Amino acid sequence: MKNPLFHVAPLTLAIATLSLACGDDGPAGTGETGDAETMGDGDGETMGDGDGDGDPGDGDGDPGDGDGDTHIDTDMDGVFDDADNCVAVPNPNQLDFDDNGIGNVCDVQVFTNVSGTINTNANADAGAGGSCSIPIQLTVTSGEVQIQLDDDAAVAAFDVVSLGFEDILDQECSLNFGAKAYVSIKDFSIDNVGDAFPVSMPHGQGPHDAGSIAGDSDAPHPILATGTLEASTDPEAEPEPSDLNLEGTLGIFTANITGAGAMGTLAWATPDHVVAMDTFMITEPFPLDINFELVGLVGSLVLAP
Ligand SMILES: [Ca+2]
Ligand SMILES: [Ca+2]
Ligand SMILES: [Ca+2]
């Protein structure tokens, strides 16, 4: 565990001599061994650091001896801190797909340029057999997706932080007793309400080593969708706006990320998945509860940093 810096030893021995000169355990060389270091000899140093001199701050490169030397391996992955591209997380292979000096296991890829369309169905059910379903195309206008690559080619983590959608213009949804729900969703967004990186993705060794990943997410992603939906029970009346808080999950998706996070796609193909659901009430001309849900996600998003 020596390194070329041991040449400073004469300076530190001089300090040790000075310490002894201040006097507490007698002259050097009495009862001490090796380089004259002994526990309790009053010089404030510690035995057992393996450098033979025990001096703090001596640049001896010994890890963990507390002397401030840089050759410490905090995460014990075999790479000293001053060379480790992720100091606190063991990553012995030091993979860094985008070559930015930050190892994969420390380097969250953030995609904020998100676009694409997803097809879904809006279902409204007013009870007593009154229900309707209309197709809706969700156009993504903004969002943030974070991806954490791993170094053992087993799992990549995805966090769909947020997705923003274009307003959905009026679409009439007739219920069976003359009431209508005008599915007109404004300010619609989907936000993650789970922990960071709640979806992990098994993927193959080959593409991972090339700086790309491809695979399926292995768990639904908890989300909260918000927006304003308009509804009316009278075809002649102005629709009433209803604030929506649609709790649900984002379904299983397939991801293809290439070029070390330079771009990628997320694709859904699950027409039966319930994305989000809520109940809202319209009050005029009579009160009526309408169960509303978005079902199915089929389509893909393009991701770019
Ligand atoms: Ca290390
Ligand atoms: Ca490390
Ligand atoms: Ca990196």
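View 1. Cys86 is buried, at a relative accessible area of 1%. Here buried means under 20% relative accessible area, exposed over 50%, and partly exposed in between (1.4 Å probe, protein chains only). Cys86 takes part in a disulfide with Cys106, and its O atom is among the donors of the calcium ion (ligand 2).

A note before you look further: this is a predicted model, in which local features need pLDDT of at least 70 and side-chain atom pairs count only at pLDDT 80 or more, while totals for chains, interfaces and linings use all residues. Residues are numbered from 1 along each chain as its sequence is written, chains are lettered from A and ligands numbered from 1 in the order in which they are written, and side-chain values use heavy atoms, with hydrogens and water left out.

**View 2. The disulfide between Cys86 and Cys106.** The sulfur atoms of Cys86 and Cys106 are 1.9 Å apart; a disulfide is counted when two cysteine sulfur atoms lie within 2.5 Å. The link is right-handed, with 65° about the S-S bond. Both cysteines sit in the loop between helix H1 (9-21) and strand E1 (108-111), so the bond ties together parts that are 20 residues apart in sequence. Helices (H or I, at least four residues) and strands (E, at least two) are DSSP runs, numbered from the N terminus. While Cys86 is buried, Cys106 is partly exposed at 37% relative accessibility.

**View 3. The disulfide between Cys132 and Cys173.** Here the S to S distance is 1.6 Å, and the link is right-handed with 105° about the S-S bond. Cys132 belongs to strand E3 (residues 130-148) and Cys173 to strand E5 (residues 172-174), so that distant parts of the chain, 41 residues apart, are linked. Both ends are buried: Cys132 at 13% relative accessibility and Cys173 at 1%. The count comes to two disulfides, and with the bonded cysteines numbered in sequence order, the pairing is 1-2, 3-4.

**View 4. The calcium ion (ligand 1) and its donors.** This ion is coordinated by OD atoms of Asp73, Asp75, Asp77 and Asp84 and by the O atom of Val79, at 2.2 to 2.4 Å. Donors are N, O and S atoms within 2.8 Å of the metal (3.2 Å for Na, K and Ca); water is not among the atoms, so sites may look incomplete. Along the sequence, the donor residues are spaced D-x1-D-x1-D-x1-V-x4-D. Among them, Val79 is buried at 15% relative accessibility, Asp84 at 7% and Asp77 at 11%.

**View 5. The calcium ion (ligand 2) and the bridge to its neighbour.** Which residue bridges the calcium ion (ligand 2) and the calcium ion (ligand 1)? Asp75 does, and the two ions lie 3.9 Å apart.

**View 6. Thr233 and Glu284.** Thr233 lies in the loop between strand E10 (221-231) and strand E11 (240-250). Thr233 is buried, with a relative accessible area of 7%. Follow the chain from Thr233 to Glu284 and you pass along a separation of 51 residues, yet their C-alpha atoms are 7.2 Å apart in space.
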